[in-house]
Amino acid sequence: MAKQKLVVVGNGMAPGRALEKLFELAPDAYEVTIFNAEPRVNYDRIMLSPVLSGEKTYEQIVIHGDGWYIEKGITLYKGHKVTEINRSARTVTSEHGETVSYDRLIIATGSNPVILPVPGHQLSGVLTYRDLDDVHAMMLAAKAGGRAVVIGGGLLGLEAAAGLQAQGMEVVVLHLMPTLMERQLDPAAGYLLQKAVEARGIKVHCKANTHEITGTDRVTGVRLDDGTIYPADLVVMAVGIRPNAALAKAAGLEVNRGILVNPDMRTSDPAIFALGECAEASGQVFGLVAPLYDMAGVVAKQLAGDASAAFSPQATATKLKVTGIDLYSAGDFADAKDREEIVLRDPTRGVYKRLVLKDNILIGAVLYGDTGDGPWFFDMIRRGTDISEMRETLIFGQGYQGGALADPMAAVAALPDEAEICGCNGVCKGKITTTIAELGLTSLDEVRAHTKASASCGSCTGLVEQVIRLSLGDSYNPAAVQPMCGCTDLGHDDVRRLIKAKELKSIPAIMQELGWKTSCGCAKCRPALNYYLICDWPGEYADDSQSRYINERVHANIQKDGTYSVVPRMWGGLTSAKELRAIADVVDKFAIPTVKVTGGQRIDLLGVKKEDLPAVWSDLNQAGMISGAAYAKGLRTVKTCVGTDWCRFGTQDSTGLGVKIEKFMWGSWTPAKLKMAVSGCPRNCAEATCKDIGVICVDSGYEIHFAGAAGLDIHGTQVLGHAKTEDETIEIIAALTQLYREQGRYLERIYKWAKRVGTDSIKQAIIEDPARRRMLFDRFVLSQRFAQIDPWAERVAGKDAHEFAPIGTLSLPQAAE
Amino acid sequence: MNAMTAEWIDVGAEADIPLRGARVVRSLAGDIAVFRAADGSVFALRDRCPHKGGPLSQGIVHGHGVTCPLHNWVISLETGEAQGADHGCTPRIPVQITEGRVLLDARAIARLAVPHG
């Protein structure tokens, strides 16, 4: 059988690998011709940086020498750029006029470096960093010494900078983004990298926007937007690559960013494959070698007759090849709402490790300073290994996974004293152990009080407990459950369960029956118990105002000087001339010093004297306004946009729906504050996707979101479900709120609750179980019967009058003199 | 009258102070917080947290302590001292209860007007 003719345009690493594989699978099937625009054989482009820095020579990075081509019977045209593909005749023609016919064609034209179109980019002395010619030009330029500016602080730019410095140049790196290598590194690792690069004597300028390259015929410097000028004898642009698809486009193949290929790596012409950096598969283009080699394997199998071979993008890993800087990143390490992370920082050793988990599967890793476990992590990322068994010790690496029974204590014991345990408060291990020893501490609460470790977000509590146990030995027994506070050993969930099971209906009953260790609790447990009782026994339990935080006791927000702020409700953010006039009159009458518009679409009156509160409320009540509950662990605002009433993009009456929701839900007490918003279309002007509960109106109805946050933490919402009508929307939202009211721990925002109990369990209850949703909704409605009483009006009528007046006024001290 | 002698002054009825709560007495030397604990005992402190001057009268009262509403320092009603790991003290005013009336020591209040230290 006559051999088929295979022509390859391009001679980089990807087609080289494809041919190797093809010769293994089908040694005699094809007669191969290669056109290489570069005048040389196939070499390892990844190793250009060691060539530039002088650690390797060109000969050492050749993959296929001339002998290989001869042995395989390949015709290699070096220095021949293909200028035309004639698909009907099935021929290719090179710039030197060589025309070769093909049965199968591989286009592997790679990519071109991006050249910033700034003034001066065409000057002599401005180079890119792409191939061996660029490296030779740089090495030549470096021989004269002088200064180099590298534009681009990504992988290639930093490698170029290190290489040029090794060749004796003074180097500045300009980077547009705030941190280096932002595509491979998170900001923390980018910062460590910048410090390491600068420690080598390379200047780094981030947020640098190149304005022009100066010089008349040769480059003399680079000027930034901010006016900074860096003198330069050499400028290297390493700002990215762009797939080289021009030849394919001219031949009429489908091209987007790159040459579009199907999973079988064939282009829109089945006789033509595209491979490597020029190809676009699954909407992505690729620049790292691993996926390109995967593509090569698929092309080889297809050519050998395996029609089932298919390419699917896998996680990739990057390692910075700069001597003395250890940096490794793999997989997908961007923040996202359904992901968790484990971070280890050891400032003294200059170590930073960050692992990104999703459902107990490792999906990304960034390692700095100690990258020894990089391949081990990468292997788990690719395999999708379930890491729940070794989660506690995962970040310490393979060495700590001794057997099935890895001891988490060993890992903590091995940490140096400088290792940071509490990121919020910057507390390292040594600080904790010495404080325990010096003060004789024996409990987590004491350690928190004296060191502040785990005293902020609490996510390092487990580690802190392990450090305590290391210090105290078995005499310290970390409780399996985190107690509510020092007054009890029971956790929030236990207490809530027992309140229902034992039908406990007052704070003293709880404290008695559950064995509280203090006489009347503390400022942590009493507000929590008060909330749990209100939630669990609506209409039966009488609110204990002395167990309320001051803001909820006097229905205003205490300020640092002891005055209060007052925020009346504005339903859905709507107001009127009458309301505004009443507010203005109140401001004048009580000389209120500051009036401010809040983020929740209402108006805040700041600096009101406590004694004035009832009179202020009385005036606001008379204009029809009630308390906005801006102080409450309860329903706050429902932000809206103008929706179909006014907006040309609005799909539903978002303002009207927001007002309905607010009128239905106001007064409700919840574990923590509850902020909502309704946006009339996916443009989301009401910012519903960072709220506790949000609604996005769409043509088909209402998308219901929840578990967003935009405070200490920032989380986009998750979609709970879709409703067709306003009534269904309100039912879902009320049921969700009730589930949160019943399950949430006091002060636990919705996003934390959702993370703890699992989004799926919430969807199951609200969306998939209509009967349960209805029961939750009914319980919410019942609780609202007792909740929707304006606290301002009650106090205007005389309730809690003692709160707003001093018991007495003395003309003392007369005797002071 | 020598400095050690108290001069008692009536500031109001005991029953006007809520249990586990406080009331404020205004004076030229600044506000004084009068607390009534769960067990009925009455205490008076200068109404300023030693931390950042927060009004202790607005805090949650528990046992013989109060938690400042601004930053959660816990202050002993008996001594005026900050509890736990925090350090600081607010002046204490002697209290006497006579026939349901709350009496404070006027001389101790007068001393509040004298700058400390």
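Tutor: Helices, of at least four residues, and strands, of at least two, are DSSP runs numbered from the N terminus. In this predicted model, A:Asp800 lies in the loop between α26 (791-796) and β42 of chain A.

Student: What is the phi of A:Asp800?

Tutor: Most residues other than glycine have a negative phi. A:Asp800, however, has a phi near 55 degrees, a positive value in a residue other than glycine. A:His555 also has a positive phi, near 55 degrees, and is found in the loop between α17 (550-554) and β31 (557-558) of chain A.

Student: Is A:His555 buried or exposed?

Tutor: A residue counts as buried if 20 or more other C-beta atoms lie within 10 Å of its own. A:His555 is buried because 24 other C-beta atoms lie within 10 Å. A:Asp800, with 15 other C-beta atoms within 10 Å, is partly exposed.

Student: How many residues of chain B are in contact with chain A?

Tutor: The size of an interface is often given as the accessible area lost when the parts come together. Here the contacts are counted by residue: 35 residues of chain B are in contact with 27 residues of chain A. On the side of chain B that touches chain A, at least two residues each come from β1 (8-13), β2 (21-26), β5 (60-62) and α1 (106-112) of chain B. The largest share, five residues, is supplied by β2(B). By type, that side of chain B comprises 21 nonpolar, nine polar and five charged residues.

Student: Which strand of chain A is joined to β2(B)?

Tutor: Strand β42 (residues 808-809) of chain A runs parallel to β2(B), and two bridges join them. A:Gly808 has B:Val25 of β2(B) as its bridge partner.

Definitions and conventions:
Residues are numbered from 1 along each chain as its sequence is written. Chains are lettered from A and ligands numbered from 1 in the order in which they are written. This is a predicted model: local features need pLDDT of at least 70, side-chain atom pairs count only at pLDDT 80 or more; totals for chains, interfaces and linings use all residues. Two residues are in contact if their C-beta atoms, placed from the backbone, lie within 7 Å. Ala, Val, Leu, Ile, Met, Phe, Trp, Tyr, Cys and Pro count as nonpolar, Asp, Glu, Lys and Arg as charged, and the others, Gly among them, as polar. Two strands pair if DSSP finds at least two bridges between them. A residue is buried if 20 or more other C-beta atoms lie within 10 Å of its own, exposed if 12 or fewer, and partly exposed in between; C-beta atoms are placed from the backbone.
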